[in-house]
Amino acid sequence: RLLPWSAPKVHEPKMRRGNHMPPPTPEPLASLEGRNVSAWFGTHQVLDRVSLTMPAGVITSLIGPSGCGKSTFLRILNRMHELVPSASLAGEVLLDGQDIYDAERKLVDARKSIGMVFQKPNPFPAMSIYDNVIAGLKLTGVRADNDRKDFLVESSLQKAGLWKEVKDRLRSPGGGLSGGQQQRLCIARSLAVMPRVLLMDEPCSALDPTSTRVIEETMLELVNDVTIVIVTHNMQQAQRVSTQCAFFLASQGTPGLIVEHGDTEAMFDSPIDPRTFDYVNGRF
Ligand code: ADP
Ligand code: MG
């Protein structure tokens, strides 16, 4: 059943000085694109033809009120949505132009290429810091000998900005770290399988302002290697870290859609849709 729908408004991308210019890396940066993504839980439609390109090497922020389908969209981007028995979807998700839902492609490939970090830091609390970092390898079928594991642990913790703090206690339990450190441990765990995209669902909502800034700095470093999509309710954060933004909205029982997307600065300075104006100015 198709509901009345109007095309999202678009801000043209602007080149921003010094922002996220990717340096040469062995693994090329990947773009992610959702095309006409609709989603349902049973008969309840929660997303309506969401199309969004998340370019390689930049941070994209998904913003909008609770319940408008941001997390659902994120879960569709790495095939977690289909794990909910009542869930269904329409549309396409392309990683560097390749449909991740292609019948030929395995679920595990999408998981390996597209990592996810959640709102609440969820390391395995009793497991050592070291084992936490490599916990994803087995699940995604990555084989590694001990030298390779050592390398992955150090490089992932470095990238997550946690190495210096934990290098002398890699064998102590992950649960002993502070909230912000635990979140960076989860980021390291995602990075250990060498994903090309990192999805982060409100990664700082459970953290104090200092840890939040540390994670933001980590993201701005990471985006040189990994394409990043975050969901955030923090408008300052969206402006600090992201090059582009998409404003999601679900009004009065209609499914979530993108009202407006494009260059972050343009969207905050001169929103096109009055609903975007109200949202970015804290009016709802
Ligand atoms: P947001 O992240 O923007 O707050 P969500 O994607 O979590 O929004 O939710 C979008 C809609 O989908 C909401 O109406 C929510 O109640 C519904 N929903 C989310 N997860 C499930 C689920 N597992 N089963 C049924 N409905 C769900
Ligand atoms: Mg959510």
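Start with helix α6, residues 179-191. Helix α6 lies across β7 and β8 and runs at about 165° to β7. Bear in mind throughout that this is a predicted model.

**Stop 1: the seven-stranded sheet**

Strands β7 and β8 belong to an open sheet of seven strands. Read across the sheet in the order β1-β11-β10-β4-β9-β8-β7. The pairing is mixed. Which strands stand at the edges? They are β1 (9-10) and β7 (114-117), and each pairs on one side only.

**Stop 2: strand β9**

Select residues 227-231, which form strand β9. How many of its five residues are buried? Five of the five are, and the strand is mostly covered. Thr227, Val229 and Val231 point one way. Ile228 and Ile230 point the other way. Residues on both sides are buried.

Next, look at the partners of β9. Strand β4 (residues 59-63) pairs with β9 in the parallel sense, over four bridges. Select Thr60 and you will find Val229 as its bridge partner in β9. Move to Ser61, and the bridge partner in β9 is Ile230.

Strand β8 (residues 197-201) also pairs with β9 in the parallel sense, here over five bridges. Asp201 stands opposite Val231 in β9.

**Stop 3: Glu202**

Glu202 sits in the loop between β8 and α7. Check its backbone: phi is near 50°, a positive value in a residue other than glycine. Most residues other than glycine have a negative phi. Is Glu202 buried or exposed? Glu202 counts as buried, because it has 21 C-beta neighbours inside 10 Å and the cut-off for buried is 20 or more.

**Stop 4: Ile258**

Go to strand β11, residues 257-263, and pick Ile258. Ile258 counts as buried, with 26 C-beta neighbours inside 10 Å. What does Ile258 touch, leaving aside residues up to four places away in sequence? The contacts are Pro8, Val50, Leu52, Ala246, Phe247 and Phe248. Now draw a distance from Ile258 to Ser270, C-alpha to C-alpha. The two are twelve residues apart in sequence and 17 Å apart in space.

**Stop 5: the four-stranded sheet**

Select the strands of the other open sheet, in the order β3-β2-β5-β6. The pairing here is antiparallel. Strands β3 (44-54) and β6 (98-99) stand at the edges. Each has a single partner strand, so one side of each is left without a neighbour in the sheet.

Leu32 stands opposite Leu95 in β5.

Then select Arg49, which lies in strand β3. Its phi is near 45°, a positive value in a residue other than glycine. Arg49 is partly exposed, with 19 other C-beta atoms within 10 Å.

**Stop 6: helix α1**

Select residues 70-77, helix α1. Helix α1 lies across β2, β3 and β5, and runs at about 120° to β2. Eight of its eight residues are buried, so the helix is largely enclosed by the rest of the structure. Among the buried residues are Lys70, Arg75, Phe73 and Leu74. Step just past the end of α1 to Arg79, where phi is positive, at about 65°.

**Stop 7: helices α3 and α4**

Finish with two helices: α3 (residues 129-139) and α4 (residues 146-159). Their axes come within 10 Å and cross at roughly 95°. That makes α3 roughly perpendicular to α4. Show the side chains at the contact. From α3, select Tyr130, Val133 and Ile134. From α4, select Lys149, Leu152, Val153, Ser156 and Leu157. By class, the contact has six nonpolar residues, one polar and one charged.

Conventions: Residues are numbered from 1 along each chain as its sequence is written. Chains are lettered from A and ligands numbered from 1 in the order in which they are written. This is a predicted model: local features need pLDDT of at least 70, side-chain atom pairs count only at pLDDT 80 or more; totals for chains, interfaces and linings use all residues. Axes are lines fitted to C-alpha atoms, for helices over the stretch in contact, and angles run from 0 to 180 degrees between N-to-C directions. Angles under 35 degrees count as roughly parallel, over 145 as roughly antiparallel, 65 to 115 as roughly perpendicular and the rest as oblique. Two residues are in contact if their C-beta atoms, placed from the backbone, lie within 7 Å. Ala, Val, Leu, Ile, Met, Phe, Trp, Tyr, Cys and Pro count as nonpolar, Asp, Glu, Lys and Arg as charged, and the others, Gly among them, as polar. A residue is buried if 20 or more other C-beta atoms lie within 10 Å of its own, exposed if 12 or fewer, and partly exposed in between; C-beta atoms are placed from the backbone. Two strands pair if DSSP finds at least two bridges between them.
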